[in-house]
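User: I'm new to this one. Can you walk me through the model?
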Amino acid sequence: MVAVPVLMYHALEAPGHASGIDDPGEGVYLLQAEEFRAQMDFLKREGYHTLLLDEVLSENLPFGKAVVLTFDDGHDSNYHLALPILQEYGFRAEFFITTDWIGTPHYLTMAQVRALGRGGMGIGSHAASHRLLSDLPAVEQERELGHSKRVLEEILDREILFFSAPGGRFDAGSAARAEKAGYRGFCTSRPFLWHRRGEGTIPRFAVRGGDTALVKDVVRQRGRTLLEVGVTYQLLNGVKRLMGNGLYNRLRSMALAVRPTLATGEAQSNPEGTGAE
């Protein structure tokens with residue numbers, strides 16, 4: 001295999017363990033733990049193994065049937081639900097932590113971040129405040145990159161080498177600023193296979209609830225699915241650029257808030273939906 005699919009998860013949920021997510025934009029990416037388990041079971045049965053990002057960057061390591069699993073935000077379900085399932089299947093994942101959210105309700109504590117690290121998982125930065133890099137001036141981007149890196153390095157007592165852009169939004173200088181801050185890799189939400197060389201950023205496929213069939217096609221690297229996902233991303237990205245992040249997020253949140261009831265003809269807006277990707 002000459003390219004590696006990198007999957008991007010967020011929060012999981014299970015009976016007795018609520019995610020705390022009430023935002024429709026964020027809820028799109030919420031998976032039930034059993035759906036996540038089914039995807040891991042598929043990977044195991046099909047003979048796939050997981051790699052961490054620094055292993056993919058290793059010059060001499062053959063990829064084989066490899067996939068990289070990543071989690072964004074630092075939800076506490078990463079520790080309570082995802083970690084036991086990963087360990088059950090002998091898999092590892094990269095966890096990107098938003099450092100200002102450590103220890104807040106429904107997010108990882110410092111002890112849980114350390115436990116993920118001791119469990120053989122990769123730990124990376126998802127910025128300090130989760131503000132979109134493309135909305136920030138250079139000096140604020142540098143603060144987000146540097147401060148979150150230092151916080152995680154103090155917690156784990158090891159170097160943090162990978163960064164994931166909040167909301168997948170960044171500008172032309174963001175990856176270079178991350179490299180200057182000491183990161184080895186800069187993860188995005190561009191849904192393409194990672195060819196390791198010749199790319200300044202690391203593309204990833206965002207996994208939404210109900211996406212199990214799509215996950216199977218992506219890891220099998222089926223051309224038609226990859227083309228459809230890529231074209232859809234390019235179209236949406238063009239809309240984001242035209243509207244700007246603020247207007248796009250507001251309209252997206254409004255659409256997601258009414259979507260569940262449209263099928264019943266009882267559509268009504270959710271006045272409490274704040275919305276963020």
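**Confidence and helix packing**

User: What is the mean pLDDT of the protein chain?
Analyst: The mean pLDDT (the predictor's confidence in each residue, from 0 to 100) is 88 for the protein chain, and 87% of its residues reach 70 or more. This is a predicted model, where local features need pLDDT of at least 70, side-chain atom pairs count only at pLDDT 80 or more, and totals for chains, interfaces and linings use all residues. Residues are numbered from 1 along each chain as its sequence is written, and side-chain values use heavy atoms, with hydrogens and water left out.

User: Where is the pLDDT below 50?
Analyst: Over residues 259-277. Beyond near neighbours in sequence, that stretch has 27 contacts (heavy atoms within 4.5 Å) in the model. Where pLDDT is low, the predicted coordinates should not be read in detail.

User: Now helices. At what angle do α2 and α4 cross?
Analyst: At roughly 20 degrees, with the axes of α2 (residues 33-45) and α4 (residues 77-89) coming within 10 Å. Helices here are DSSP runs (H or I, at least four residues), numbered from the N terminus. Axes are lines fitted to C-alpha atoms over the stretch in contact, and angles run from 0 to 180 degrees between N-to-C directions. That angle makes α2 roughly parallel to α4 (under 35 degrees).

User: Which residues make the contact?
Analyst: From α2, A33, F36, R37, M40, D41 and K44; from α4, L81, A82, I85, L86, E88 and Y89.

User: And what is the angle between α2 and α8?
Analyst: About 25 degrees, with the axes of α2 and α8 (residues 212-219) 10 Å apart. So α2 is roughly parallel to α8 as well. E35, Q39, F42 and L43 of α2 meet T212, V215, K216 and V219 of α8.

How values were computed: Helices (H or I, at least four residues) and strands (E, at least two) are DSSP runs, numbered from the N terminus. Angles under 35 degrees count as roughly parallel, over 145 as roughly antiparallel, 65 to 115 as roughly perpendicular and the rest as oblique.
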